Every structure is written in structure tokens, then in C-alpha cells.
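Biologist: I would like to learn how to read this structure. Please take me through a few of its features.

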Amino acid sequence: MNKQFCPIFLALFPLLLGSCGGSPAQEESVSESSTADSGMEGTMRELITDPNFETGFDLMTTSTENGRAVSRYLDYGGEAKKAETHPWKMAQWWTPFDFATAPMQKTDAGSYIYENESRVLEVNPKKGSIMMKLDSYKEYMEKFGHSRVGTENWSHFLIEQDFVDAPKLSELKHVYVHLKFRIFPNNDLDPSQAIPCSQITWYFTVTDVRNGDSGYQSGNNDNDFFWFGLPIFDSRYPFVGTYQHVDSGFVGATNRLIYSLGSDTYFDSPVQVGEERILELDILPYIKKAYLYGYDHGAMQDSSWDRLILNYMNLGWELPGSFESGITISELSVRIERRDTK
């Protein structure tokens with residue numbers, strides 16, 4: 001995402017913009033519904049293209065200065081499902097070990113494993129699962145000779161995609177997200193480090209399509225947008241609180257509002273390493289809340305709720321600390337239900 005974020009840890013500028021008063025143009029309020037209704041299956045549409053990762057990944061470069069450029073197509077040794085375009089991309093920003101050179105092996109269980117000095121990717125399209133493991137200690141020792149400190153760049157290992165034909169949020173009744181995951185391992189490799197943190201968040205962009213929707217990944221920033229985040233795991237806290245920042249202060253920053261929801265909204269107990277968990281939530285009312293917060297604090301001033309769409313997501317590790325951290329993901333879903341227009 002040309003947003004290399006670890007918004008909690010870095011010296012990003014807090015949103016200290018004065019309230020502008022008034023209110024944005026918008027339709028009627030959205031009700032606070034937070035759980036999926038299994039009886040609505042027939043009226044739902046999935047926004048994620050290729051949720052089982054059958055088409056492989058376009059691996060992007062290691063630098064955010066040209067962060068959208070593709071350095072390799074991870075096509076599972078030629079066995080990826082053929083497609084005109086590859087919906088999934090993978091970010092590896094600021095690693096000293098380019099994952100483009102990682103060799104691949106296939107297991108008897110149908111998994112494709114790519115591995116280099118500091119990263120492991122295991123994808124099983126039959127199961128719709130992906131495992132991503134990152135050793136940031138090895139990367140920081142190679143780059144800096146020490147664990148990361150201050151404003152030094154931090155390691156990313158993310159998957160992302162644009163949503164095709166994303167409808168306007170004002171036309172929707174629900175936006176249900178669903179994810180099954182397991183964190184393992186999560187090893188602190190430098191007990192004396194200044195920033196003892198590993199974290200993973202599911203991020204979306206909410207875009208005002210005043211100038212048409214060309215997708216976040218196109219690099220067209222003519223449209224205003226903000227980031228909406230769902231924290232999944234943070235090694236420092238049992239629950240991550242709600243926070244707001246501006247994404248800024250480094251090459252590739254988007255200078256947009258980041259609004260991240262408190263994880264106790266959808267988890268009733270802290271995420272433990274090694275346990276399988278599910279994240280499930282209707283995020284539409286919380287997106288509305290984030291939008292109104294941003295507007296009241298000076299962001300999205302020329303936007304309208306009637307033009308907002310959910311058009312992009314990314315998910316993966318950002319390790320400001322020296323950790324060996326892994327996550328297995330499956331059942332990835334973003335389902336929308338339209339309002340009844342009758």
C-alpha cells in the first residue's frame with residue numbers, strides 16, 4: 001500500500017487538526033450491527049477476488065520509492081491458476097533479503113513453500129490457507145548491525161488487493177469481514193531491544209470517488225481516502241486500543257488519516273500465541289464512525305458519504321522489533337449486503 005505503516009510505534013504525526021464544524025454530506029445513519037447473520041447468505045456478494053490464493057502473488061520490490069513495481073510473479077512453479085490479471089500482491093518493503101530470489105518447493109499435501117534467509121511463505125490453494133513468517137532480527141542485523149531503533153525503516157510482509165466493482169458504502173446494509181488465524185511463533189529475539197513489538201493489522205482504504213475509482217494500487221492519489229484498521233495481534237498489549245494518526249514522516253507515506261478500531265470490539269479475550277481464533281464483524285457502522293471522526297478533525301473535507309467506497313485491503317506483519325513471528329490465515333472474506341431499494 002504505499003503506506004508503510006506501523007502507526008502505533010513510529011513518530012507519525014498525531015491528528016491534531018482543529019474541528020471544522022458542520023457535518024459531511026451523507027445519507028441516513030448506519031445501525032450498529034456487529035455480527036454476521038448466516039441466514040443472509042443468498043443476498044451476499046464477496047468482495048475478495050481469489051480468496052483461496054489460487055492465482056499466486058505479484059511480489060513487489062523492497063523499496064517504497066518504487067513500491068508498486070513487481071519484481072517476481074510467485075506462480076507456484078507454473079501451477080498457479082491462469083488469470084488475465086493477478087489480484088493478489090505481496091509487499092516486502094525494507095528487507096535486505098529480496099524474496100524474489102527465494103526458491104520454491106511443493107509438499108505432498110499440496111502446499112507451495114517459498115523460503116529465504118528471513119522469510120517463509122506457505123500457500124495451500126486447496127485449503128485456502130497461507131502462512132507468513134518473518135524474522136526481523138536477521139533483517140535488522142544485516143541492515144543496521146543492531147535491533148531497529150528510532151525512525152529506522154521496519155520490516156513488512158503483507159498481502160494486498162484492490163476490490164473490483166466496489167459499491168458505494170451508502171448503498172450497503174452490511175460489510176461483514178471474516179478471518180480464521182493462528183499466531184505461531186512469536187519469539188522475542190532481543191530482550192534488550194528498544195522497541196519490543198511485533199504486530200499485524202488488517203487494513204482497508206475508504207475512498208471518495210469524486211474522480212472515479214482507479215484502485216488504490218494504481219498510485220492515483222487524486223481521490224481523498226483514509227485508512228481503516230482492524231488490529232489482530234500486538235505483542236505488547238492484550239487488547240489494542242482505538243487510535244488515530246496521520247500516515248506521514250517517511251518516503252512513500254500517504255499523508256492520510258489512519259483510524260484503527262480497538263480490538264476488544266471483536267475479541268472477547270486476548271489473542272494467545274498458538275491458539276486458533278476467528279475475527280468476524282460488520283465493519284460498516286465503524287467505518288461510518290471513523291469517517292465522521294476524520295471529518296470533524298479536518299480530514300476528508302471535500303468528501304461525501306454518498307461517494308465513499310471500500311476499494312482495497314492489506315494484511316500482514318509489520319515488525320518494528322526484533323522478532324520471529326508467523327501467522328496462518330484461512331477463510332478470508334469480505335461480504336457485502338446491499339440495502340433494500342424497493
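Modeller: We will go through a helix, a core and some salt bridges.

Modeller: This is a predicted model, in which local features need pLDDT of at least 70 and side-chain atom pairs count only at pLDDT 80 or more, while totals for chains, interfaces and linings use all residues. Residues are numbered from 1 along each chain as its sequence is written, and side-chain values use heavy atoms, with hydrogens and water left out.

Biologist: Which residues of H2 are buried?

Modeller: Buried means under 20% relative accessible area, exposed over 50%, and partly exposed in between (1.4 Å probe, protein chains only). Among the buried residues of H2 are Leu284, Tyr286, Ile287 and Tyr291. The strands that the buried residues of H2 pack against include E10 (172-188), E11 (199-208) and E16 (308-319).

Biologist: Which residues touch the most other members of the largest nonpolar core?

Modeller: In soluble globular proteins, nonpolar side chains tend to be buried together. A nonpolar core is a set of buried Ala, Val, Leu, Ile, Met, Phe, Trp, Tyr and Cys residues joined through side-chain atoms within 4.5 Å. The largest one here has 70 residues, and Trp202, Phe204, Phe228, Leu230 and Leu310 touch the most other members. Strand E16 gives the largest share of this core, seven residues. Contact means heavy atoms within 4.5 Å. Beyond its neighbours within four places in sequence, Phe204 has contacts including Phe163, Val177, Ile283 and Val334.

Biologist: How many salt bridges are found in the whole structure?

Modeller: A salt bridge is a side-chain nitrogen of Lys or Arg within 4 Å of a carboxyl oxygen of Asp or Glu. The search finds 12. In one of them, Arg307 pairs with Asp208, with the closest N and O atoms 2.9 Å apart. Arg307 is in the loop between H2 and E16 and Asp208 in strand E11, so the pair ties together parts 99 residues apart in sequence.

Biologist: Are Arg307 and Asp208 buried or partly exposed?

Modeller: Arg307 is partly exposed, at 23% relative accessible area, whereas Asp208 is buried, at 2%.

Conventions. Helices (H or I, at least four residues) and strands (E, at least two) are DSSP runs, numbered from the N terminus.
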